[in-house]
Number of protein chains: 2
Amino acid sequence: MTQIPYKIHLTEDETPKQWLNLRAFMKNKPAPLLHPGTLKPATADDLKPVFCDECIKQELDDTSKYIDIPQGILEFYKGYRPSALVRAYFLEKALDTPAEIYYKYEGTNTSGSHKLNSAIPQAYYAKKEGLTSLTTETGAGQWGTAMSMACAFYGLNLIVYMVKVSAQQKPYRKYLMETYGAKVVPSPSDTTETGRKILEKDPNTSGSLGCAISEAVETAVKSDKCRYVLGSVLNHVLLHQSIIGLETKLAFDKYGISPDIIIGCAGGGSNLGGLIAPFMVDKLSGNSNAHFIAVEPASCPSLTRGKFAYDFGDTAQTTPLIKMYTLGSGYIPSSNHAGGLRYHGMNSTLSQLYADGFLEARSVEQTKVFDAAVLFAKTEGILPAPESSHAICAAVDEAKKAKLAGEKKKILFGLTGTGYFDMTAYAQYNEKTMSDYIPSDEDLARGFATIPQIDL
Amino acid sequence: MTQIPYKIHLTEDETPKQWLNLRAFMKNKPAPLLHPGTLKPATADDLKPVFCDECIKQELDDTSKYIDIPQGILEFYKGYRPSALVRAYFLEKALDTPAEIYYKYEGTNTSGSHKLNSAIPQAYYAKKEGLTSLTTETGAGQWGTAMSMACAFYGLNLIVYMVKVSAQQKPYRKYLMETYGAKVVPSPSDTTETGRKILEKDPNTSGSLGCAISEAVETAVKSDKCRYVLGSVLNHVLLHQSIIGLETKLAFDKYGISPDIIIGCAGGGSNLGGLIAPFMVDKLSGNSNAHFIAVEPASCPSLTRGKFAYDFGDTAQTTPLIKMYTLGSGYIPSSNHAGGLRYHGMNSTLSQLYADGFLEARSVEQTKVFDAAVLFAKTEGILPAPESSHAICAAVDEAKKAKLAGEKKKILFGLTGTGYFDMTAYAQYNEKTMSDYIPSDEDLARGFATIPQIDL
């Protein structure tokens, strides 16, 4: 048998030339977006003031199985893709497990994460459609950095609303986005109607992704030449992120490997949806027995403790309604450090797959996540992002189970990014001042109360 | 002609299995280290209290042309090597230059730089020789992080003396080293004789690499089971770093490319010496006309304005004497942000090559360096370390010259690392509060006065 290298690289020629649209392969498709006023399926015209035309087209398309990646995007991809699929030999040895552990490493670009994969197409289409500016939100700062890089490349202005607690914990992220030319505004801010309202109610709020989204959307719709871009939750983002799974599958195919367990961290679903896409296609068609695991923080458990319902994507309840697992758009997560996972809802495709039993979900507490992160850093040499470490944590658990059972399971997880900008969290962990937080049923009930009562 | 890809990867099998010892190819070899008491060439016994045995052997060996890389090191290398050789298509386009620009990218490992290449062998040999602890110094923090990673991997204790100004500017670097289990002490400190003396004289000193080295050496020689490790300046470090140049040459050979201009930033010389090694061998044997450029900060111009003389490697004047270009071990550089280049001297091999006309040296001011850094970040997508940006700056200058002359020069530079932990400096640059500093002749004279008067 061929020895599997530490890193499986694809050549630039082998890079996928099409994205995979997972919804098109599902018998039970995710429910459509609804216009919040009419409760009818949202049309392209409804979405036009907010998003770029091409992104809307992709968002509403649940039948095209593959969508061509434009040449201008493939060109930029070459700057940092294909990314390596890594065999975690060092981690396997430390765990003394018979399992094979693999991770797809998306952290070598300067955004520090997979987020660049969707930032590029969104900026590319905006430029092509004659826009001059974009607005967005960011939690951990990875998406904001990715958009800053893409906008610098294509020559677009960018305003980033950054969740206030993240802006405070990560000043360096702000400097980084500014280096790429973006304007960074801590959210909630007094620059928007929404922000002012929230600050009036709770001047000390730590902010949330839902609230930052509201501010970014409000600013975007004010101008003809400006649109809003989102780094997760929506289906066109998952489409762009399918490049992760497609590359992973090609790399595995070179060595005839089929993963038994596929693990991704889950915030809005962008990484998880992208990683699992081609593998889930096989599962849906009955050609695979792979087991899929979504890992979310115990502090923001939208899949494991949320409701499957139509809800708004933002706190101000201005977006179309999305059928998803949700904690309610009014749910404000605690200041958990995994900023990128502080979102109340979950992508609709993943929600439907979860509802239909194709996906397992787990929630883990922060300290346990950092235990896994530090073990990974010391063995594999890469300092993982707290978000990614949720996936590492589950992978370690599965590898330990495999050891107990004496099974040679093949475990794949997505290493979405690096933790260089999360050193405050690591310092808290090192100094044992990190706290765990699990919302009480009452905490959740307050969030659920903000889910709209809809009679379809 | 074959299209050159954005990234030229080597396979793991193609990784060099031997390091290249540049001195062995020189007719005019660098002068030997001298024992500061006897002024006789330092022997292995002289160095034994300070360094590991194998590193001493390598340090004193100027005749073996190639030295085998042990299997245990090759194994660890696989975790992050071979690194990619990148064609800077985006930068070329932005500069509209006929030149081809290439960079060897050493920044994807968590130390954020090439430093890991020598940290691994030094920790490996220490462990093999039965030591339990190591001490070292760090400027920008890249070397300290690299040693922390290597010591975590091989199970060794580590104390890092970190130049005080860097510790203040980069608290996150400290957290990072602590995450890997190292103990970090800002230098000068009150934990050593040397540190206390320096603090007594100047309680507000910002520290220097020379001073941090003194503290680390003082601590190491106190114990039988502890040795000191250094990330630059010495020849065994350059030996380990030759992996950079060897991989680069192999990657070029795949496409039949010979670089015309080879550029590296120069602090103690570890990256520059490693990058140029195999190309300089060709030059020394008359088989190449490549032009070599060392780029140093105007604030610490050891090659361009220093003296070629025997000098101490540290401020406390405890190390063996090294024949090198030096500003004097008493020279304290201004708080220039390129922490890794804040060293008064230069590796002896590179010094000899410079004295013999095989190498050009240039010094550049900080603001110009950051101009190049931001251009690079916005086009190539990678946020470079300030140190590496010195090389980028010269590469951009050369590409512009090539444009004026209409020449298709092939330019190679070393992208030693990333700037994620240098965001304070980037913020100063963005806010236009960054200052340049060029030492006056009087400033230099004060440093030169500390060079020992030796009558050989």
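Trainee: Let's take strand E6 (residues 133-138) of chain A. How many of its six residues are buried?
Mentor: Some ground rules: this is a predicted model, where local features need pLDDT of at least 70, side-chain atom pairs count only at pLDDT 80 or more, and totals for chains, interfaces and linings use all residues. Residues are numbered from 1 along each chain as its sequence is written, chains are lettered from A and ligands numbered from 1 in the order in which they are written, and side-chain values use heavy atoms, with hydrogens and water left out. Strands (E, at least two residues) and helices (H or I, at least four) are DSSP runs numbered from the N terminus, and buried means under 20% relative accessible area, exposed over 50%, partly exposed in between (1.4 Å probe, protein chains only). E6(A) is mostly covered, and the number of buried residues is six of six.

Trainee: Over in chain B, which backbone nitrogen does the side chain of Thr138(B) reach at 2.9 Å?
Mentor: Thr138(B) lies in strand E6 (residues 133-138) of chain B and is buried, with a relative accessible area of 1%. Its contacts (heavy atoms within 4.5 Å) include Trp143(B), Val160(B) and Leu209(B), not counting residues up to four places away in sequence. A polar atom of the Thr138(B) side chain lies 3.3 Å from the backbone nitrogen of Gly141(B). The one at 2.9 Å belongs to Gly144(B).

Trainee: Why is strand E15 (residues 410-415) of chain B largely enclosed?
Mentor: Strand E5 (residues 100-105) of chain B runs parallel to E15(B), joined by six bridges, with Lys104(B) partnering Gly414(B). Strand E10 (residues 261-265) of chain B also pairs with E15(B) in the parallel sense, over three bridges, and there Ile261(B) stands opposite Ile411(B). E15(B) is largely enclosed by the rest of the structure because its buried residues number five of six.

Trainee: Back in chain A, which are the edge strands of the seven-stranded open sheet?
Mentor: The order is E1-E4-E5-E15-E10-E11-E14, with mixed pairing. E4(A) and E5(A), for instance, run antiparallel over three bridges, with Val86(A) opposite Tyr103(A). The edge strands each pair on one side only: strand E1 (7-8) and strand E14 (360-364) of chain A.

Trainee: What area is buried between chain A and chain B?
Mentor: The contact takes 43 residues from chain A and 43 residues from chain B. In chain A, Tyr172(A), Thr179(A) and Tyr420(A) lose the most area to chain B, together 19% of what that side buries. Buried area here is the accessible area (1.4 Å probe) that two parts lose on being put together, summed over both. Carbon and sulfur atoms give 60% of a total of about 3,800 Å².

Trainee: How many residue pairs are in polar contact across that interface?
Mentor: A polar contact is a pair of N or O atoms within 3.5 Å; within protein, one must be able to donate a hydrogen and the other to accept it, and residues adjacent in sequence count only if both atoms are side-chain atoms. With both residues at pLDDT 80 or more, the number of pairs is 20.

Trainee: Where in chain B is Val233(B), with its positive phi?
Mentor: Phi of Val233(B) is near 65°, though the residue is not a glycine. At 5% relative accessibility, Val233(B) counts as buried. Its place is the loop between strand E9 (226-228) and helix H11 (235-254) of chain B.

Notes
Pairing = 2+ DSSP bridges.
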